[in-house]
Amino acid sequence: MNTIDNWTEIDRTAMRRALELAALGLYTTHPNPRVGCVLMQGDQIVGEGWHRRAGEPHAEVHALAQAGALARGATAYVTLEPCAHHGRTPPCADALIAAGVSRVVAAMADPFPAVDGAGLARLRAAGIAVECGLFESEARELNLGFVSRQTRHRPWVRVKLGVSLDGRSALADGRSQWITSAAARLDVQHWRARSSAVLTGIGSVLADDPRLTVRLDGVDHATPERIVLDRLWRLPADARLLSESGPILSVTGPDAPDRPGLADRVERITVPAHGDQLQLSRLLFALAQRGHNEVLVEAGATLAGAFVAAGLVDELIWYVAPKLLGSGARGALALPEPASLDEVDRWQWHSVDHVGEDLRLVLRAPLAAPTWAWTDGARPA
């Protein structure tokens, strides 16, 4: 692949616009990636578009339709390599060739195995000038989950926590509503909206009876799958999440009893268990197979801590309220104590923002964190 660094200001301006367009699909495109496209004649935009939903036309198709005959001889700026395979829609590489564009600038190659360089190669074979790598890191940031699913065979996992200033997530008796502010709780809705799944444990369902739905008035979004880790399948038939529309998945252990009354209301899959804990790495592989790119974990200290301890968390979304709950209150993560401070991994600061009265801390996993943490030492075939 030819990656160059001598981009013009027109190149940079056009790709920035393509990235802005791609971000318009932040809540709607999964399991597909978020992609934007801009067609330029000289310094003039003649067509632009973005991918809106899976099964609908891709960004390039929208941009070409807007440009019409002006696409001939234009430069196409696209945030992801144009596809070269027949999926739900025809190959975008073929559409660009047919339209007569003279140059294609892609922010990044597509890691999907059916594409992965084939789209750029097809364009080059048609005599089109092809360059790749402009604002690649920004393009990857938009599609962290899609890239993770294609390259690591698991979704990008975020763990959301609401804590007090002294790191407590609930009072000693379990009460936690509400530690954080209404503004923080609204902000969580945006993280849910961009996720293809919201995951919790049966303990949280029994204690808090959450809905786990997206509640954003006037915002177009897909409906994330709500997933309950429920080793013994204890999900109450009158749980509030069952009264809400949208897909629900119960993840049980292999020895869980049948629940005929739930079978027509909830999809169920099983994953192996070690003792009283489901194998989380196997679970994430199964979720990737279901097309999940980004998974938001909203769970209690035990399950959230298990994800962290297994090295399966990519990002922590930590809301800190300016309150002190005291040493008797419950901690946010149940983790084993390290033998020494030298063994403690350092998480990477990604962003710190005020959200209402609270702080939102976003941290990325330590660079040394394992990509996989199979408890039985083997990755599934």
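This is a predicted model: local features need pLDDT of at least 70, side-chain atom pairs count only at pLDDT 80 or more; totals for chains, interfaces and linings use all residues.
1. The space inside the largest cavity is about 40 Å³, and the structure holds 1 cavity of 30 Å³ or more.

2. The largest nonpolar core contains 46 residues, and Met 15, Leu 39 and Val 104 have the most contacts inside it. Helix H1 (residues 9-23) supplies the largest share of this core, with 6 residues.

3. Leu 39, one of the residues with the most contacts inside the largest core, deserves a separate entry. Leaving aside residues up to four places away in sequence, Leu 39 touches Gln 44, Ile 45, Val 46, Gly 47, Ala 63, Leu 64, Ala 67, Ala 71, Thr 75, Ala 76 and Val 101.

4. Asp 314 sits in the loop between helix H11 (301-309) and strand S15 (315-320). Is this residue buried or exposed? Asp 314 counts as buried because its relative accessibility is 5%, and the cut-off for buried is under 20%.

5. The side chain of Asp 314 has two polar partners to check. One is the side chain of Arg 154, in a polar contact at 2.9 Å; another is the backbone nitrogen of Val 157, 2.8 Å from a polar atom of the Asp 314 side chain. Beyond four places in sequence, the residues touched by Asp 314 are Arg 152, Arg 154, Pro 155, Trp 156, Val 157, Leu 363, Arg 364 and Ala 365.

Terms used
Residues are numbered from 1 along each chain as its sequence is written. Side-chain values use heavy atoms; hydrogens and water are left out. A nonpolar core is a set of buried Ala, Val, Leu, Ile, Met, Phe, Trp, Tyr and Cys residues joined through side-chain atoms within 4.5 Å. Buried means under 20% relative accessible area, exposed over 50%, partly exposed in between (1.4 Å probe, protein chains only). Helices (H or I, at least four residues) and strands (E, at least two) are DSSP runs, numbered from the N terminus. Contact means heavy atoms within 4.5 Å. On a 1 Å grid over the protein atoms alone, a cavity is a set of points where a 1.4 Å probe fits but cannot get out, and a pocket is an open set with protein on both sides within 12 Å along at least five of seven lines; lining residues have an atom within 4 Å of a point. Grid points are joined across faces, edges and corners, and a volume is the space filled by probe spheres set on the points. A polar contact is a pair of N or O atoms within 3.5 Å; within protein, one must be able to donate a hydrogen and the other to accept it, and residues adjacent in sequence count only if both atoms are side-chain atoms.
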